[in-house]
Amino acid sequence: MEQNFNEQELLRREALTKLRELGIEPYPAPLYPVNATAQSIKDEFDPEKGNLQDVCIAGRLMSRRIMGAASFAEIQDETGRMQIYVNRDEVCPGEDKTMYNTVFKKLLDIGDIIGVKGFAFITKTGQLSVHVKELTLLSKSLRVLPIVKEQDGKVFDAFSDPELRYRQRYVDLIVNPQVKETFIKRSQIIATMREYFNEAGCLEVETPILQSIPGGATARPFITHHNALDIDLYMRIANELYLKRLIVGGFAGVYEFAKDFRNEGMDKTHNPEFTCMEIYVAYKDYIWMMDFVEKMLQKISLKVNGTTKVQIGEHEVDFGQTFRRLPILEAIKEYAGVDVSGMDEDELRETCKKLHVEIDPSFGKGKLIDAIFGEYAEKNLIQPTFITDYPVEMSPLTKRHRTNPALTERFELFVCGKELANAYSELNDPIDQFERFEEQAKLKSKGDDEAMFIDMDFVRALEYGMPPTSGLGMGIDRLTMFMTGQTTIQDVLFFPQMRPKPVE
């Protein structure tokens, strides 16, 4: 395939050729003895002690000010930027000044990755810098970086177009350092959750991504073909049923950070590939799980942000308070002004019509109730709120409520009008589970392509006996959005799914 280069790219390729003609390999062997970072130099240098006299730092060349026989430049590594001072006679102590006059001044470009050895010092203007004694080219950049410039309070050449940023995340991370903070926090969130679960005595496990039956959620799956077995398989939509099999097998608590896949719509809060954490703990119920989740989110917020209060859009959300607990039918009554408890399917359809709620002919009772709740209640749930006690039609894997068999022991946690977590007192009655699977099969036959399949192996596992168990599923992408104040899921995914586009 023929590549078309612009003028700047052609000049960089010419510089590449000239470097090789000078005997300088622009992509040398990878070992380079880095012993410092920009941040470690800032943290550790003491001008009175005169320490850091033998530092070796590497990074990307981000700016350069040529001043005759001496120059200043900035290099950027993972921790930030550091100014370097390059003196011709220091880097070229002999008669040959090629490294400075030709290489540094003419053949290096912004974006090149270089390594420098020298010592830390403070310039006459008070700027912490590295006085370079030796300079090495580590990787030649053949494309021009969109370097952001500021003048008179105005920003020029900002790399801010969302589509470009998501398609070229590697460039986004180079020129927009603040983007890294979101992903550092994402890692801290997951690490904090692991620590919390491990302290609670739970075991991290792995379950299959390719499944013969897509179970554990109501969603449209991706389908693939296994050539060796000559069977169709599904990308998992949830890992719930496998984790509960492990509870049957005798584990007291298991959890997994799982990549799940749902062949559904894409928007600011949904991506077809997403990360979900699911945890199951024996001999607990959904009330215990609410307390467990409250404490976990408080711990995460303190770890990541140093406070339980987080700014999400125009709202300040407090994860340090006791979360409100509101039954779903009460929420509909409060926000939609109707009491849907006891309504049959026809009455619910008529209610949706009166409330101008858009529905589909394939919807059963559960989806009709969910549609009313979604239209009227969700947007009002700004502070963390547990919506509890869902009707049994909405929860095919959930234990019936201990005082009302028409309801289930389930909660969903909402923040800023969006679902963050879903949890149950898990259904462990195999006969009840089989009957609910059959109800799901009827919905599928009516055209609901999100209804669950019947998983007879899971029913068989329950027939061996599963202890009373509480389970929780939480979207890591959405949790990261909330904890970092991001408003789109694409901003918390390194490489969000996008329609392919030719490379220019």
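Phenylalanine 494 counts as partly exposed at 39% relative accessibility, and phenylalanine 495 counts as exposed at 63%, where buried means under 20% relative accessible area, exposed over 50% and partly exposed in between, with a 1.4 Å probe and protein chains only. This is a predicted model, in which local features need pLDDT of at least 70 and side-chain atom pairs count only at pLDDT 80 or more, while totals for chains, interfaces and linings use all residues. Residues are numbered from 1 along each chain as its sequence is written, and side-chain values use heavy atoms, with hydrogens and water left out.

Rings of Phe, Tyr and Trp (its six-membered ring) pair if their centres lie within 6.5 Å, and planes under 30 degrees apart count as stacked, over 60 as edge-to-face and the rest as tilted. By this rule there are 16 aromatic pairs, including the two in the table.

| Pair | Centre to centre | Angle between planes | Class |
|---|---|---|---|
| Phenylalanine 386 and phenylalanine 411 | 4.8 Å | 70 degrees | edge-to-face |
| Phenylalanine 494 and phenylalanine 495 | 6.1 Å | 40 degrees | tilted |

Phenylalanine 386 lies in strand β17 (residues 385-388) and phenylalanine 411 in strand β18 (residues 410-415), so their pair ties together parts that are 25 residues apart in sequence; strands here are DSSP runs (E, at least two residues), numbered from the N terminus. Phenylalanine 386 is buried, with a relative accessible area of 0%, and phenylalanine 411 is buried with a value of 0%.

Elsewhere, ring pairs link Tyr196, Phe197, Tyr255, Phe257, Trp288 and Phe292 into a cluster.

Conventions: Helix = DSSP H or I, 4+ residues; strand = E, 2+ residues; numbered from the N terminus.
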